[in-house]
Amino acid sequence: MRLNFSFLFCLSAIFVVQLALVSPSVSLACASCGSGSDDPLILWPNEQLKSYLGVSTSNRFETVDTQGRLGRESGPTSRDALTLALGKALRNDLFMTVTLPFQQNRLSGASLRSVGDPLLAVRWTWLLPDFTAPQQPQIQLMASHKFAHARSQQEVGRLDLLDAFGTGLPETKLGVDVFWGQSPIKGGFAVGALFPEERILGRNSVFAGNGLRSTATLGLSLGGYNKVLAGVVREYREERRDGGRRVAGSEVLAHSYFLTLDWTPANLQTLRFSFSDRGRILTNKNMIAASAFSVAWLSTWE
Amino acid sequence: MTLNAINCRLLSAVIVLIGSCFAKMEAGASPQVASGTSACPPMDRTKLMRLLEDAPEKRLNLVFFSGWCSDCSAHLKKINDSSAILVGIFDNQARIEKVVARMRLANRCYTDSGLGKLLEVKTVPAERFVTLDSLRKVPR
């Protein structure tokens, strides 16, 4: 895994600045706070404004064909990203987040940077957990929209795909996130229906196919206010349509797993380490396998 | 824009609207009873001043908690000061009263009505020792 100097510098700067802003207090953040890990930023009823600053690096890109066979990917060998997200509570039970990634693709010493696809998400907490009834989960309804800002593989000008940073298709997600977080052993699941929009990319209209993304999460409180979460994500998409015609055998099936460690070094501050590996467990089809590692600082401002 | 895209945007809007309605109904369902007659009536600065004036040593320990916070359970169970006052915060009155009833806590209980902001309570559980003097010094 490779993190270049600028990203390490950013990470150090974030760490120092955030640490300097930590205010001393006798109270501590709630250890039950967590979710199905479907979105990076979750606001709890006591939080009004929260930020997420993360750096990540992805590599080990490999194509997975229709038969599930792994092959060499012809595009970039690694991608670094700096992700900024801001969450604002609209009410105690309703919040919205805006996420903006800045990405850098690398291939054989060459690299290109671009702003990735911004994401706007809204979550409404339909049912809050209750510590006198730990069997009662938290239930959130989620809706998000990803804007297609970055160039896709169909729109790039380079043969090595170094300038491809997105799918090129705007996409809306609607779903539900259920989480049991009141006990030392935590768990939950999230299911989201994916609705991409049809767009003209290159010379053809492209529709990626509706999809379903399911996440199962299991977590463990590590004492104090720290926890570890592990989970499996399954993403399925119907057959793609190119120029209005269904492309036989083009449905996508992708399985990935993730491991996340949340460490709360100070009040209202969380440091999150995550590792994920996509396309290398269970059955996969028509996708790109990749491994990713990220470090993020979550900070509650109000 | 395809019909599919329009449908999913409409669905998003409907979900947010329905959510808002349900949440308002839930908030409205909290008992709005006069102070003193409900289990955990709202408490603001004025009411805290009155409680402090009546307190034997003119000081009080306020324990802030929420029904959704798992750490609050252990914290509330550890309270051995019968004069400590429980203040439910970041939660609605009905849920706070339910939690206190289920835990069979004998302490006096209130629902936050601006005190949290005044005493800079940002997370739960949290404790604040207040005296008449210290409260007078806190800017309104």
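What is the mean pLDDT of chain B, and what share of its residues reach 70 or more? In this predicted model, the mean pLDDT of chain B is 78, and 74% of its residues reach the value of 70 or more. The model as a whole scores ipTM 0.73 and pTM 0.80. Over residues 21-36 of chain B, pLDDT stays under 50. For this stretch of chain B, the model has 18 contacts beyond four places in sequence.

Strands of a sheet pair through backbone hydrogen bonds, in either the parallel or the antiparallel sense. Strand β2 (residues 59-65) of chain B is paired with β3(B) in the parallel sense, over 4 bridges. Within this pairing, B:G88 in β3(B) is the bridge partner of B:F65. Strand β3(B) is also joined to β4(B) by 3 bridges, and these two strands run parallel. Here B:V87 stands opposite B:Y110, a residue of β4(B).

The unit made by β2(B), helix α3 (residues 70-77) of chain B and β3(B) is right-handed. In α3(B), the residues B:S70, B:D71, B:C72 and B:S73 are buried, and the buried residues of this helix pack against β2 of chain B. A right-handed β-α-β unit is likewise made by β3(B), α4(B) and β4(B). Helix α4 (residues 93-103) of chain B has as its buried residues B:Q93, B:R95, B:I96, B:E97, B:V99 and B:V100. An α-helix has 3.6 residues a turn, so residues three or four places apart point the same way. The buried residues of α4(B) pack against β3 and β4 (109-112) of chain B. Following α4(B) is B:R104, which has a positive phi, near 55°.

Nonpolar side chains tend to be buried together in soluble globular proteins. The largest nonpolar core of the model has 29 residues, of which B:F64, B:V87 and B:V124 touch the most other members. Two or more residues are given to this core by each of β2, β3, α4, β4 and β5 (126-131) of chain B. Strand β2(B) supplies the largest share of the core, 5 residues.

Strand β11 (residues 204-207) of chain A and strand β14 (residues 241-242) of chain A run antiparallel and are joined by 2 bridges. Across this pair, A:F207 stands opposite A:R241 in β14(A).

How values were computed:
Residues numbered from 1 in each chain as written. Chains lettered and ligands numbered in written order. Predicted model: local features only at pLDDT ≥ 70, side-chain atom pairs only at ≥ 80, totals over all residues. pLDDT = per-residue confidence, 0-100. Contact = placed C-beta atoms within 7 Å. Buried ≥ 20, exposed ≤ 12 C-beta atoms within 10 Å, placed from the backbone. Pairing = 2+ DSSP bridges. Right-handed = clockwise from strand over helix to strand, strands pointing away. Core = buried A, V, L, I, M, F, W, Y, C linked by C-beta atoms within 7 Å.
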